Amino acid sequence: MLSLWARSCQRPPVHAFSKGFKLLGNTRKYHVEVAFNIRNHQCRGLSSSTLVRWSARRFNSTQSAPPPSPPPTSPISNSAAKRSLLSRFIPSSLAPKDPNSTSSFAKIMSLAKPEWKPLTIAIGLLLVSSTVSMSVPFTIGKLIDFFSTTNPQIPFGLSVWQASGGLMLLFTLGATANAGRAILMRLSGQRIVGRLRERTYSAALRQEVEFVERGEGDVLSRLTTDTSIVGESVTQNLSDGLRAIVMSTVGLGAMFYVSPKLTMLMLAVVPPVSLGAVFYGRYLKQLSNKTQEAMGEMTKIASESLTALRTVQSYNAIPQEEEKFHQKILKVLALARKEAIASGIFFGSTGWSGNITLLALLSYGGTLVSHGDISMGDLTSLLLYTVYVGSGLQMLTTFFSSIMRGIGAGMRVFEVLDRTPAIPYGKGEEVPQNQFETIKFERVHFEYPSRRGIEILKDFNLELTAGESVAIVGESGGGKSSVHSLLLRYYDPIQGKITCDGKDIRDFSTVSWRSIIGVVPQDPVLFTGTIASNIAFGNPNATREDIEHAAREANCEFVWGMPNGFDTEIGRLSLSGGQRQRLAIARALLKKPVILALDEATSSLDATSERRVNDAVDKILRSRQTTVLFVAHRLSTIARAERIVVLEGGRITESGTYRELVGRKDSRFRVLMAAQLNAAAGEKLYLGEEVESEQEDEADPENTEEEGDESERTRQTSS
Ligand SMILES: Nc1ncnc2c1ncn2[C@@H]1O[C@H](COP(=O)(O)OP(=O)(O)OP(=O)(O)O)[C@@H](O)[C@H]1O
């Protein structure tokens, strides 16, 4: 009976797997989208407050809970945590000993601080409902004695109906208080989780891209499942814990009042159960951490293949992806099995010891009744109180293990929250004015943090002057895009520096620095929304005229042909490669960048799209208001740049105008271009086209020089 009762009272541990996903069905999509596009968020130089506001809007629109209040600007303070109202209610013996756990515990408690009002009311209601329910065994005992006497007397001279009515009122009061407590706790819990998610999300967005890109799944799992476990710990589990404490202490007090001898007998089971609870809780915390890590890996596999569904399907790689996911699921299940066995053993043995105690109480209590030491009603009350105390103790165990689980999850969440990004976000000086004279890469050495020991750039030097356009050419994988990554401060050099008018760009705030740079990546990313919102990404205040002007400048004429024009809803991949590039150019132009980092799309564009993109680029070059750093592959783009630099072996080996480089008989540039022209000629031959004359035209430096001269002339005229 005790075990049955206890089992019904015991809250099953929150299973992170199902719960996290259920809770986050809608929000998840957005987090995945953003986690995958973190470079875009950062390079747009969105201000922190805009990001938080924006994410909160998108986030809250998918939550049923009331909107969370704006996130506090300061990080969680430890001193505040120590003063936390709720921490006073947690017995110190329950607080974990490991210093990391202790601070995580304090921080978790501090999360409840803004909710102190509803939580205090909830605690008051909890006391009321617990007092009422604790009076039930006593009342039942009295009723049994009342009905088993020949001349029943109700205290205070009340009639049976009056007494019944009074009891009914009391129980209704208890039930109402219980309902109020549950509602307040749940709402506070949702608000706490909402706030925690917002803060974690903001912290994740501010990390250097490498951190998020290396463990996207893990960050998402922290953001979703771990935060909900923490929220659960701080409200629901805490409420259950308080209830358990009230039930056990009041129950024990009542038992001592009825029969000290029987109470001592019952207490024999408490020490072994408590010891078991401590070990069980600690073991569960370790398991919980491992489970969350395994969940992160699982999420990463799923999000990677779902976002690349076209590739997965085109390569018939569904079985392969299923197998990878299955392996991760097996890992999660192995951990869940360990947890199931541990909880089975623990709850089975506590239930067994509870039943044995009850049996002992019945036998010894029966003897006491037969000797007339206690009444039948007293024995009944005592047995019922034992059940209450037993279930209270079991709830305490669950509470302890849930708190341990919450601490484990909290440590993972706070790891992101408290992490200092390797590239500080938004700290540093403002870029003085929106114009500069030179940007220099000075003796830059660079290697990716994930591939230490492999230098991509070795003693790389490059100078850009205001308004100049420079094309970096080189072999694939030579490090051209890495130069852009360094310029945008996705990474910092391991040696050397990048300076703007002599000042190291590391001294500038990343927000301010990135705000002067427009980026057109090789494979531009679109966000779910309208074409207008995609062009205005990072420029929430742009007017429709600004957006249309930028679109016109970028040759996005296809937008006017769409049924809903700029209000056409698009998804990640719902435009062609060329359209996406032009849209990305419009997005960059809207920002009115001082520097434009343009990574040319190579294979995705056909001849017409290429021409449209190049026309758009020409317009930018003609204005000479923007310094352009191209990563270029196609001769048609390369010829447009005022200066070409050849990147080989991690350094610049040649530099000059198109005419100069082509004019040098032994230049590496000629070799690189010849390889490209041969490839192009091969393509045309394959298509059965007449190539000779065209190839001659294109390969003849004189012809391309004319094109270069033409663009130079146009630039000079406009400037
Ligand atoms: N995030 C990363 N982590 C580790 N290594 C990377 C990363 N990105 C690129 N690399 C490596 O750095 C080298 C230079 O890459 P990068 O993209 O800069 O070359 P690229 O010249 O732009 O190539 P392509 O012309 O093919 O676009 C390559 O060997 C690549 O594998």
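1. The largest nonpolar core of this predicted model holds 143 residues. Those with the most contacts inside this core are Val-473, Ile-535, Ala-586, Ala-597, Phe-630 and Ile-644. Helix H15, residues 376-417, supplies the largest share of the core, with 21 residues. As background, nonpolar side chains tend to be buried together in soluble globular proteins.

2. Take Phe-630, one of the core residues with the most contacts. Which residues does Phe-630 touch, leaving aside its neighbours within four places in sequence? Its contacts include a run of Ser-469, Val-470, Ala-471 and Ile-472. Leu-598, Glu-600, Thr-637 and Ala-641 complete the list.

3. Helix H15 also contains Arg-405. Is Arg-405 buried or exposed? Arg-405 has 28 C-beta neighbours inside 10 Å, so this residue counts as buried; the cut-off is 20 or more. Arg-405 also pairs up across the sequence: its C-alpha atom is separated by 6.5 Å from that of Leu-284. Along the chain, these two residues are 121 residues apart.

4. Now the helix pairs. Two packed helices are described by the angle between their axes and the distance between the axes. For helix H7 (residues 116-148) and helix H8 (residues 160-205), the axes come within 8 Å. They cross at roughly 145 degrees. The contact of H7 with H8 has 16 nonpolar, seven polar and one charged residues. H7 passes H8 in a left-handed crossing.

5. A second pair is helix H19 (residues 544-553) with helix H20 (residues 577-590). Their axes come within 8 Å and cross at roughly 125 degrees. H19 is therefore oblique to H20. The crossing of this pair is right-handed.

6. Which residues make the contact between H19 and H20? H19 brings Asp-546, Ile-547, Ala-550, Ala-551 and Glu-553. H20 brings Ala-586, Leu-589 and Leu-590. By class, the contact has six nonpolar, no polar and two charged residues. Ala-586 links this point to the first: Ala-586 is also among the residues with the most contacts inside the largest nonpolar core.

7. Last, the chain as a whole. There are 719 residues, and 41% of them count as buried. The chain has 26 helices and twelve strands. How much of the contact total comes from residues 24 or more positions apart? Such residues account for 82% of the contacts with a separation of 6 or more.

How values were computed: Residues are numbered from 1 along each chain as its sequence is written. This is a predicted model: local features need pLDDT of at least 70, side-chain atom pairs count only at pLDDT 80 or more; totals for chains, interfaces and linings use all residues. A nonpolar core is a set of buried Ala, Val, Leu, Ile, Met, Phe, Trp, Tyr and Cys residues joined through C-beta atoms within 7 Å. A residue is buried if 20 or more other C-beta atoms lie within 10 Å of its own, exposed if 12 or fewer, and partly exposed in between; C-beta atoms are placed from the backbone. Helices (H or I, at least four residues) and strands (E, at least two) are DSSP runs, numbered from the N terminus. Two residues are in contact if their C-beta atoms, placed from the backbone, lie within 7 Å. Axes are lines fitted to C-alpha atoms, for helices over the stretch in contact, and angles run from 0 to 180 degrees between N-to-C directions. A crossing is left-handed if the near helix is turned anticlockwise from the far one by less than a right angle, and right-handed if clockwise. Ala, Val, Leu, Ile, Met, Phe, Trp, Tyr, Cys and Pro count as nonpolar, Asp, Glu, Lys and Arg as charged, and the others, Gly among them, as polar. Angles under 35 degrees count as roughly parallel, over 145 as roughly antiparallel, 65 to 115 as roughly perpendicular and the rest as oblique.
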